[in-house]
Structure formats: structure tokens, C-alpha cells
Amino acid sequence: MSVLTRVITERAAVLSEIAADAATRELQGDDPHAQIRLLSESGYTALTLDDESGHGASVPEFFEFLIELARADPIVAHILRAHFWFVEQIRRFPSGPVRDRWVTEIAAGKVFGNATSERTGNAGSLSFQTELRAVDGGWVLSGVKFYSTGTAFADYVSVTATVRGGDHDGQVARIVLPVDREGVTIVDDWDGIGQHRTGTGTTRLENVAVTAEDILSFTDRGSTEPVANDGPFLQLYLQALITGILLSVTDDATSLLRSRTRTFDHAPVESPSHDPVLLATVGEIDAAAHVARAAVLDAARTIEEAFAPARSGVIEPDLFHKASAAAARVKIHVDRVGLRAAADLFEVGGASSASRAKNLDRHWRNVRTVTLHNPTSYKAIALGDLLVNDTPLPANGYF
């Protein structure tokens, strides 16, 4: 067996194990701790690490894996969004003790969560009420974060805060802390209709002691220096989740129609599996899933064009702007076809497909929840304004 064949076989086995009870976990509200551990222990949480311990997967290679992981279980895939974002940031760090420290932790299978968003202020701004205060000989961190997706499953949490005092007063700090640091409290209180076991919720930071080694970076909010924009990666990640869900919808639609024996007196044919109306619906769902996959991977190639030089310290703003536009286009399309395809699944199964035990509604609920991370209409407006009026896309994490 070749190395490539073995890798493909091992990956298929891991994904199959994750998929095995995914629908049951979702129905019962079970946390996928074992599945995250499986990915960590199998080395997949270090998939993009470009060290001797990691594969160094490109953005397109990573998104191919992510789509299949989301097909197996979109909850598990979503949990790792902040983790893979963190790994990409470490890939851009210059050689030295900071990079070495975090590469070692990633290679060891450690998982990273996030505490960025707050319930105050506008989404996408760099204004944070969470504060990193300079004190004698160190720092103290205090604040409350929400939408901390993945943090309930993580070993470390990455926190953004406004600096108060010291040489970096007024800047934004990125701090990486072990989740068991005194003063860090993680509350899994997300009650969404979908994606509801992703460890999304509140992170409380109460006078947390912070050392210089815990601080990853300082950013001047008023700086005009070109920086790597992670928005396209983070936003396309969500469309990859939807794409994986749509592939799972195709799987369920196919199995559902094959298993049907009962139809209506006035149906076009007696056999549901030969009903042209139902066959067309399955075909449309399949087409939506595969076109979404092609769109995501095409945008991933555009993001890689921007990320590749950035990993060598060269920031090309035009390439990142191109990547942002590519990710925006995918969202506008995939959000809409995704919602329709997930709803059309019920046309294939009829009344019995609405059974709670079948849990087929999870697909639509999960797609709907993912699409709400940022408004599709605002993306379309921004893209149209770019094309018609040459107005640059908004410069925030949602683009």
C-alpha cells in the first residue's frame, strides 16, 4: 500500500467514525468530546502546520478535508474553526521562540478556542470592553466574551482585549491562555436552534494574571501598515460547513428515496424510487451540494494566493482584497441554495420525514444558524458597491 493510499484510508476511517453517531449526538444534545479527541490524537488538528510534525496543507487541501469533516459532522467541524485560524496565524510567525512554543503545542494535539466577540458594540469593530491592564511586573485581564465557539473543547483560548496603561496603551492585544488559568470561566450557554453543541457561549475573565509570554501580539487600531486579513478564511470556513451539510443532505435524500415504498394514489408512478418529481428533487439537491463544493474550493485557491506570500512575511493587499471578494461571492450563493436544498429534503421523504426521530430537520437548522453569522444581504450590497462604484470592501473580520 502506497503512502498516499494509506493516508486516504486512514482519513476515511477517522471520518467514518465521526459520522457514525453524528445524527444521534445532535438529537440527544451530546457533546462530541471524543470526536475532537480522535482528530487531535490522529494528527488532524495539526493538518495545516508546516513543521516537520505537520502536513503543511494548503488552503485548498485544508478545505477539501473540512468539507468532508462537515459532511461527517458539522458540529465537530465548527468547533475547530478558531483552532485552524490560530494555526494559520502561527504559520505566519517568523522563526523564533514564540513560533516554536506554539508549534510544539499544536503538534502535540492541543486545541485552541477563541474569546473575541462581545455583546456590546458593533460586530466587526476592534473596540473591546475587555481590558488588559498593565500592573507592576505584568498584566491583568478582565472582561466578558460571547460566541466563544470551540472554547469548551479547547486547551487554550485566544482573547482580544484593549490595552490600558504601559507602552501599548490603547492598542489591541491578542492573548493566549490555558483554559484552566485561574479567573477563566467557560460557560456553554449557547441555545441556538442549530450548531448547538459547538461549545459556543460565554467566556468570563476575572482578574486573570497575564505574563509577557501569554501575549501573542499588539495591534495599533490606527495603523495603515498592510496586514494579513484572515476574514476570507474565516468566512469561507462557514460556507465549507454548509457545503458539507449539503453533501450529507444528498446522502440522506438518496437513502430516503431508496427506502420509500408508499406513495400517493395520484402520484405520477407507483414506485417512489422511479417518481420523476422526486428524482428531480434529489438531483437538484446533489447539484447544489457539488456546485457549492466547487465554489468553495475555487475561493480557497484565491485565499491561498494571498496567504502563501504572507507566510514569508510579504503582505499583498490586492491579493487579500481579491480573496475577500471571492469569499463574499461564495456566501451569497451558498447561503441561498443551501437553505433551499435542506428544506427540499422533506419533499423527498413526505410527511414521515418530519418525524422527530429521523432528525432530518437538523440539516436546515444547522444551515440556517451558520448563515446568520453575518447578513447575506450586506455581503451582496458590499459586492455590488465594489463592482459598480469601486468602493472597497469593509475592512473587518466579516470580509
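Tutor: Before we start, two residues are in contact if they have heavy atoms within 4.5 Å.

Student: Got it! So which residues of H8 meet H11?

Tutor: From helix H8, Leu238, Leu241, Ile242, Ile245, Ser248, Val249 and Asp252 touch Arg362, His363, Asn366, Val367, Val370 and Thr371 of H11. Helices are DSSP runs of H or I with at least four residues, strands are E runs of at least two, and both are numbered from the N terminus. This is a predicted model, where local features need pLDDT of at least 70 and side-chain atom pairs 80 or more, while totals for chains, interfaces and linings use all residues. Residues count from 1 along each chain as its sequence is written, and side-chain values use heavy atoms, without hydrogens or water.

Student: What about H4 and H9, how do they pack?

Tutor: H4 (residues 59-72) and H9 (residues 276-310) have axes 8 Å apart, at an angle of about 145°. Phe63 and Ile67 of H4 are among the contact residues, as are Leu297 and Phe307 of H9. That contact has nine nonpolar, no polar and four charged residues.

Student: New topic! How many aromatic pairs are there?

Tutor: The whole structure has 17. Rings of Phe, Tyr and Trp (its six-membered ring) pair if their centres lie within 6.5 Å; planes under 30 degrees apart are stacked, over 60 edge-to-face, the rest tilted. Tryptophan 102 and phenylalanine 112 are edge-to-face, because their planes sit at 80°, with centres 5.7 Å apart.

Student: Is tryptophan 102 buried or exposed?

Tutor: Tryptophan 102 is buried, at 2% relative accessible area, and phenylalanine 112 is buried too, at 0%. Buried means under 20%, exposed over 50%, partly exposed in between (1.4 Å probe, protein chains only).

Student: Which residues form a cluster of ring pairs?

Tutor: Phe62, Phe63, Phe84, Phe233, Tyr237, Phe307 and Phe320.

Conventions. Axes are lines fitted to C-alpha atoms, for helices over the stretch in contact, and angles run from 0 to 180 degrees between N-to-C directions. Ala, Val, Leu, Ile, Met, Phe, Trp, Tyr, Cys and Pro count as nonpolar, Asp, Glu, Lys and Arg as charged, and the others, Gly among them, as polar.
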